[in-house]
Amino acid sequence: MSLVSVKNLSVAYGAHIVVRNVSLSLDAGEIVTIVGPNGSGKTSLFRAIIGATPSANGSINMKPGLKIGYVPQRIHIDRTLPITVGRFMRLTDRVDIATCEGALEAAGVPDLLKRQMSQLSGGQFQRVLLARALLNRPDVLLLDEATQGLDQPGSAAFYLQIEAVRNETGCAVLMISHDLHVVMSASDRVVCLNGHVCCEGAPAVVASAPQYRALFGAGTGGALALYRHDHDHDHDHQHEAAE
Ligand SMILES: Nc1ncnc2c1ncn2[C@@H]1O[C@H](COP(=O)(O)OP(=O)(O)OP(=O)(O)O)[C@@H](O)[C@H]1O
């Protein structure tokens, strides 16, 4: 059984249908990325999945008891507010320090516990958000453009960390991203959305699909090769481009 299964989902704001008849599934341990141009319905789809936006049609099923960790886009914290990473992580989750330290280590920033949030770099900040999402040992990590504001090496490092977390914990990852080059190499499957699902499959398959190239141009194929690395796990994925 899939952890998350979306069937024929449509999302509308009034009469404006922004997500049309989308089906999508997420299995244990998978990294699935949603890409698409601005306004293509990525966030609306995501919000429907987490129940923050009602769907007009279709169904969303989650495995019973599923635990979700959510990594938002960069959030704003008042620079004048003195708050350490450790305190920030425990604002919403009542966990002990050792659990925080473990999560920070899993997020690749083991030494930040006592640092002030206001002193973190953009990349460190996003990893603290990742660590916070890992506190409840989620089955699924949801990332909504979690590398916004990071440069390309920073984004690439962040996605490698996500992959390391997946390999270590076995959690599945569903993310929205604009970092086409880097994110595609770190994904098992890519879903290209433009209101409807234009194409989906393995990164290399999507990068060369005519529907994807029509939206993003052909340049990504070359850049993808630069970042591609081997995936040594043995999930059985469908690697076909679909209409
Ligand atoms: N709350 C809302 N009320 C009305 N229309 C909305 C609302 N949220 C989004 N939309 C519209 O729905 C469409 C899809 O928006 P959405 O934010 O889902 O796209 P996106 O692919 O995430 O875009 P981006 O890449 O720019 O973040 C857009 O036309 C947007 O204007």
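1. Ligand shell. Tyr 13, Val 18, Gly 36, Asn 38, Gly 39, Ser 40, Gly 41, Lys 42, Thr 43 and Ser 44 surround the ligand. The model is predicted: local features need pLDDT of at least 70, side-chain atom pairs count only at pLDDT 80 or more, and totals for chains, interfaces and linings use all residues. Residue numbers start from 1 along each chain as its sequence is written.

2. Shell make-up. The shell has two nonpolar, seven polar and one charged residues. Here Ala, Val, Leu, Ile, Met, Phe, Trp, Tyr, Cys and Pro count as nonpolar, Asp, Glu, Lys and Arg as charged, and the others, Gly among them, as polar. Helix 1 (residues 42-49) gives the most to this shell, with three residues. Helices (H or I, at least four residues) and strands (E, at least two) are DSSP runs, numbered from the N terminus.

3. Strand 1 (residues 4-13) and strand 2 (residues 16-26) pair in the antiparallel sense, over seven bridges. Pairing requires at least two DSSP bridges between two strands. Val 4 stands opposite Leu 26 of strand 2. Two residues lie between the strands of this hairpin, and Gly 14 takes a positive phi near 60 degrees.

4. Helix 5, length. The 18 residues of helix 5 (residues 152-169) should span 26 Å at 1.5 Å a residue, and the end C-alpha atoms are 26 Å apart, which agrees. The expected span is 1.5 Å times one less than the number of residues. Just after helix 5, Gly 170 has a positive phi of about 80 degrees.

5. Helix 5, faces. Which residues of helix 5 are buried? They are Ser 155, Phe 158, Tyr 159, Ile 162 and Val 165. Seen down the helix axis, they fall within an arc of 110 degrees, so they line one face of helix 5. The arc is that of the directions from the axis to the C-beta atoms. Pro 153 and Glu 168 are exposed, on the face turned away from the buried side. Buried means 20 or more other C-beta atoms within 10 Å of the residue's own, exposed 12 or fewer, partly exposed in between.

6. Cover. Helix 3 (97-106), helix 4 (122-134), strand 7 (172-176) and helix 6 (180-185) are among the elements covering the buried residues of helix 5.

7. Ile 162. This residue of helix 5 counts as buried because it has 25 C-beta neighbours inside 10 Å. Ile 162 touches Val 173 and Ala 186, not counting residues up to four places away in sequence. Contact means C-beta atoms within 7 Å.

How values were computed: A residue is near a molecule or strand if its C-beta atom, placed from the backbone, lies within 6 Å of it. Two residues are in contact if their C-beta atoms, placed from the backbone, lie within 7 Å.
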